[in-house]
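Reader: Could you walk me through the labels you put on this one, and say what backs each of them?

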Amino acid sequence: MILFFKVLCSDFKRMFSSWKFYAAILGIVSVTFISIWPEVTASGYACSVYYLVSARGGLGAFLTVFTVLIVLPYSLSYWEDLQNNYVYYLKCRIGITQYCWSHTLTAAIGAFLTVFLGYIICFGLMAIKLPIILPTELETLQLYMGKDILSGYDSLILQHFKSLYFLAVFSTEAMGYSFLAVFALVISAKIENVFLLFSMPVIFYNGSVLLCNVLGLPGICRWYYIMKTGGYFSRIFTNIGKLMICVFLYFASLICLECILFIFWLKKRRLHG
């Protein structure tokens, strides 16, 4: 356990000391700003931060750019170790299992922080000039309260927990991107083309949407909705605290499954040279 903790600290130090982590955050801020700026100018600066969060393009046209950016912090760490022949030394010294868990946790947390901090910075700057929510928007939310029209976290606004609303929305989406970032890390055990690795998260995203729609899979399989507003769980839990816990546990479980697959592939690769 002590060895694993030291390895984990080393991985975090490696990530935080790299320019790629900070470039990814700056990229999230820039892309988010670009996606919401037309809404700001079209409204003549008369819109709210709440409206901009709802209208942002993070899960739409800008998804491809987001998935590229979340790969930067640490999803390419195994590929880099492999290119430098450093991976063999690490795996012999600490073992494949600990190596995989450490890299998985670092990649997941790195992607989470990238998206979460990027949103906080961008919309925090917007809040300097714009109101958090307009009175007319608040009246509309109150009108639809209890009619199953509101998204999973809108009730926080009505309960006057505006800051918690934004934290909940940003963290839920960031967990989904952490899942995608770890997918890029895991698939690097099979794919060594770095340009293809950058595209794998968005390929996986689109493939998941297509597969769920074609097969008519239940809501719990549609992780891309869960990362947006709580999806399947928002219809089960009206308590925001329970909803957040379920969403976090859901993505944490998926990330653990990815790590198990990562361990399996690396052990299989070692057996076959």
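**Labels and their grounds**

Author: Let's start with isoleucine 220, which sits in the loop between H11 and helix H12 (223-229). Helices here are DSSP runs of H or I with at least four residues, strands are runs of E with at least two, and both are numbered from the N terminus. Keep in mind that this is a predicted model, where local features need pLDDT of at least 70, side-chain atom pairs count only at pLDDT 80 or more, and totals for chains, interfaces and linings use all residues. Residues are numbered from 1 along each chain as its sequence is written, and side-chain values use heavy atoms, with hydrogens and water left out.

Reader: Why is isoleucine 220 called partly exposed?

Author: Its relative accessibility is 36%. Buried means under 20% relative accessible area, exposed means over 50%, and partly exposed is in between (1.4 Å probe, protein chains only). So isoleucine 220, at 36%, counts as partly exposed.

Reader: And what does isoleucine 220 touch, leaving out residues up to four places away in sequence?

Author: Ile226, Tyr232, Phe233 and Tyr250, where contact means heavy atoms within 4.5 Å. Tyrosine 232 is 12 residues from isoleucine 220 in sequence, yet their C-alpha atoms are 5.6 Å apart.

Reader: What makes aspartate 81 buried?

Author: Aspartate 81 is in helix H5 (residues 77-83). Its relative accessibility is 2%, so it counts as buried.

Reader: Which side chain does aspartate 81 join in a polar contact?

Author: That of histidine 103, at 3.2 Å. A polar contact is a pair of N or O atoms within 3.5 Å; within protein, one must be able to donate a hydrogen and the other to accept it, and residues adjacent in sequence count only if both atoms are side-chain atoms. Glutamate 80, also found in H5, has a polar contact of 2.3 Å from its side chain to that of lysine 20.

Reader: Why are H10 and H11 called oblique?

Author: H10 (residues 162-187) and H11 (residues 194-215) pack at about 130°, with axes 9 Å apart. Axes are lines fitted to C-alpha atoms, for helices over the stretch in contact, and angles run from 0 to 180 degrees between N-to-C directions. Under 35 degrees is roughly parallel, over 145 roughly antiparallel, 65 to 115 roughly perpendicular, and the rest oblique. H10 and H11 are therefore oblique to each other.

Reader: Which residues of H10 and H11 meet?

Author: Phe179, Leu180, Phe183, Ala184 and Ile187 in H10 meet Leu197, Met200, Pro201 and Phe204 in H11.
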